[in-house]
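Visitor: I am new to this structure and would like to learn how to read it. Could you walk me through some features, one at a time?

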Amino acid sequence: MAVESALSSGRIAAGRGVRLLLVALLSGTAAMTHTPSANAFELFGFKLFGSDEEDDDVVDPLHYTVTLTVEGGDEKLKDDLDEASSLVQDVERPVSGSLGLLAKARSDREQLVAALYAQARYDGVVQIAIAGQSLDDIAPDADFGAGPVPVTITIDPGAVFTLDEIKLEGDAANLMPAEFGLIPGGNAGSAAILRAEAEIVRRLKEDGRPLAQVTGRDVVADHETATLDVTLAVEAGPIAGYGPTTVSGAETMDPGFTAYVTGLKEGRQYSPREVDEARDRLLALGVFSSVTVSQGTALDANGQIPIEVEVTERKLRYYGVGATYSNTEGLGIEGYWGHRNLFGRGETLRIEGSIGRIGDDDVSDVSKLNYNAAILFEKPAVVGPDSKFFSRFRTVYEHPDAYDRFSTEVAAGLSYQFTRTQSASVEASLEYEDVTDFFHPDGQRHLIASLPTQYVFDNRDNKLDPKRGFRALAFAEPAHDFLTGATFVKLRGELSAYRAIDDAQRFVLAGRVATGSIFGASLEQIPADRRFYVGGGGSVRGYEYQGIGPKDPDGNPIGGRSYMELSTELRVQVTETIGIVPFIDAGAVSEDEFLGSAGFKVGAGVGLRYLMPFGPLRIDAAVPLNPGPDDPDFGIYAGVGQAF
């Protein structure tokens, strides 16, 4: 079993004291961070326990020290070259003897020259010395002794070259180089040129030509003028359709079904966009840890391009347990078990449960704890490759400040991914619940049939840490209560937008607006759990969870029939791993169908982000700007991913 630790994606909403959250997760499919020693364990780069010895896996281990110097004092360039240097990055790991150090140094010189070329520095010079000797003067059988061996890297980066004359020839002759970033006086870096090549080839492939390729590349550097002339010859090849799709690597997954899910129907005209979508669709099944969708190198006998899919399956079963602790809500524990690819066609079964508020001062006995249990089932590609059937059976027994609720729900629905950016879902739900709140102190029973329907447009470049794009959501849920006779419709909409204001994308403006209304029934006829509430980490920071809006005489929230939330943030990336986020939130809740004169509550604060490959770890601290007598002095919230 591997071990992970992480911050919960849930909220921490402080009262007048700071609340703390501790989470430990034991997961049967989690991956342990790699360490050189089998007895060591690292988390986010910090060694928690285990040996520091790294020599056991290396034959004739030899340690070295390294100093990298860039002439001219360009710190940004030095950072980039440090990152490109394997000698620098691997300095804590021993090499395999003197021969291993020589091989690593020669490879490192090539990597550093390539890094200079990527930044358009074509007359740069990289010099490496080992134990005071130039790399070129060292004999292949040299012996550097026991070590650590001193290694020095001296780099003269040279001038920054710019583009001069640019020519596109062959089937790309009618294209404009400027469309692909090739502009006289512009960026001449090798990375920019290769990127332009890829975009030119893709442009031709978008016309249904899968064999488009660069057939000639002539790049001439003029060191006197520090300019680069580039000539590219491109061959488009014939228009073709998809040939048969073959699948390799599938063990428990049906290969024929895997090919069907790609959606690449034989005979339809080739499209690189559809090939990309096929890979995304297969990864979304959750069955595969890796997916490669590639085209053949030649057309088949029918003039079509064969498609090859290579997959690696994930473990069929997974499980996990977790725990949270808060000094105001007590201890919470949760667990889940799941099975991927249940019947060989991507079906997923998941069983989960949780218990909360253990040890909470406001909980007098076990009947006031929060309980949640569910069985979830999904089956993909039921009415086409982009569809998914889902169902659930869930029981909840919870006690937030606004109400006490016991409910049992059964639901089934269908989701459909129209394009990479557009999706919709519809489900039928039947829920029995018994709710006690301000309007019904003795409890009221409900049997509610509803039809939740949702549409989402999402073109964000990253779901957990977007730099550009926006997400729009429209939600409608008509519902009828068979026990009270109430019929109502719940409408909700959200829009969030993101825009980097600098080329390096270190400053990102983010904004969010959300609003909703419930029509057709009075406030007391609407079950308390289906009303709108505002306040907390995912809403208006600085206030308690559900802390904004109408309240009963005891100061407990009663919810409303309409609401609005507004948020704006400036996300500043200070270093490669640290970010600072000042923000302002506002929100209001009304008992009426429209906000009317409902007053907005405003909170402001600053957040800290620790940037990880999977998304940022988030800690926000906020204060209410116009608090009421029952509002907290401040709030602290934590989670994974940005606040919105």
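Visitor: How much space lies in the largest cavity?

Guide: Rolling a probe the size of a water molecule over the atoms shows where empty space is left. On a 1 Å grid over the protein atoms alone, a cavity is a set of points where a 1.4 Å probe fits but cannot get out, while a pocket is an open set with protein on both sides within 12 Å along at least five of seven lines. Grid points are joined across faces, edges and corners, and a volume is the space filled by probe spheres set on the points. Here the largest cavity holds about 90 Å³ of space, and the structure has one cavity of 30 Å³ or more. Keep in mind that this is a predicted model, in which local features need pLDDT of at least 70, side-chain atom pairs count only at pLDDT 80 or more, and totals for chains, interfaces and linings use all residues. Residues are numbered from 1 along each chain as its sequence is written, and side-chain values use heavy atoms, with hydrogens and water left out.

Visitor: Which residues lie nearest the centre of the largest cavity?

Guide: Lining residues have an atom within 4 Å of a point. The largest cavity has 14 of them, and those nearest its centre are Lys 467, Arg 571, Val 572, Gln 573 and Gln 642. Helices (H or I, at least four residues) and strands (E, at least two) are DSSP runs, numbered from the N terminus. At least two lining residues come from each of β29 (562–573), β30 (578–590) and β31 (601–612).

Visitor: How do the lining residues of the largest cavity divide by class?

Guide: Ala, Val, Leu, Ile, Met, Phe, Trp, Tyr, Cys and Pro count as nonpolar, Asp, Glu, Lys and Arg as charged, and the others, Gly among them, as polar. For this cavity, five are nonpolar, four polar and five charged.

Visitor: And what lines the second largest pocket?

Guide: That pocket contains about 700 Å³ of space. Its lining has 28 residues, with Arg 281, Ala 284, Pro 385, Asp 386 and Gln 417 nearest the centre. Two or more lining residues come from each of α6 (272–284), β20 (370–380), β21 (387–398) and β22 (404–417). The largest share, seven residues, belongs to α6. By class, the lining comprises eleven charged, nine polar and eight nonpolar residues.

Visitor: How many bridges join β20 to β21?

Guide: Two strands pair if DSSP finds at least two bridges between them. β20 and β21 run antiparallel, joined by ten bridges, and Asn 372 stands opposite Val 396 in β21. Six residues lie between the strands in their hairpin, where Ala 381 takes a positive phi near 55 degrees. On to the neighbouring pairings: β19 (residues 348–358) pairs with β20 over nine bridges, in the antiparallel sense. Twelve bridges link β21 to β22, also antiparallel, and their hairpin passes through five residues. β22 then runs antiparallel to β23 (residues 422–436), with 14 bridges and four residues between the two strands in a hairpin.

Visitor: What is the strand order in the open sheet of four strands?

Guide: The order is β6-β10-β8-β9, with mixed pairing. β6 (64–70) and β9 (133–134) are the edge strands, each pairing on one side only. Within the sheet, β8 (residues 125–130) and β10 (residues 149–156) are antiparallel and share six bridges, and Val 125 has Asp 156 as its bridge partner in β10. Axes are lines fitted to C-alpha atoms, for helices over the stretch in contact, and angles run from 0 to 180 degrees between N-to-C directions. Helix α1 (residues 75–84) lies across β6 and β10, at about 145 degrees to β6.

Visitor: Which residue forms a salt bridge with Asp 136?

Guide: A salt bridge is a side-chain nitrogen of Lys or Arg within 4 Å of a carboxyl oxygen of Asp or Glu. Asp 136 is paired in this way with Arg 109, the closest N and O atoms being 3.0 Å apart. Asp 136 lies in the loop between β9 and β10 and Arg 109 in helix α3, so the pair ties together parts that are 27 residues apart in sequence. The structure holds 43 salt bridges.

Terms used: Contact means heavy atoms within 4.5 Å.
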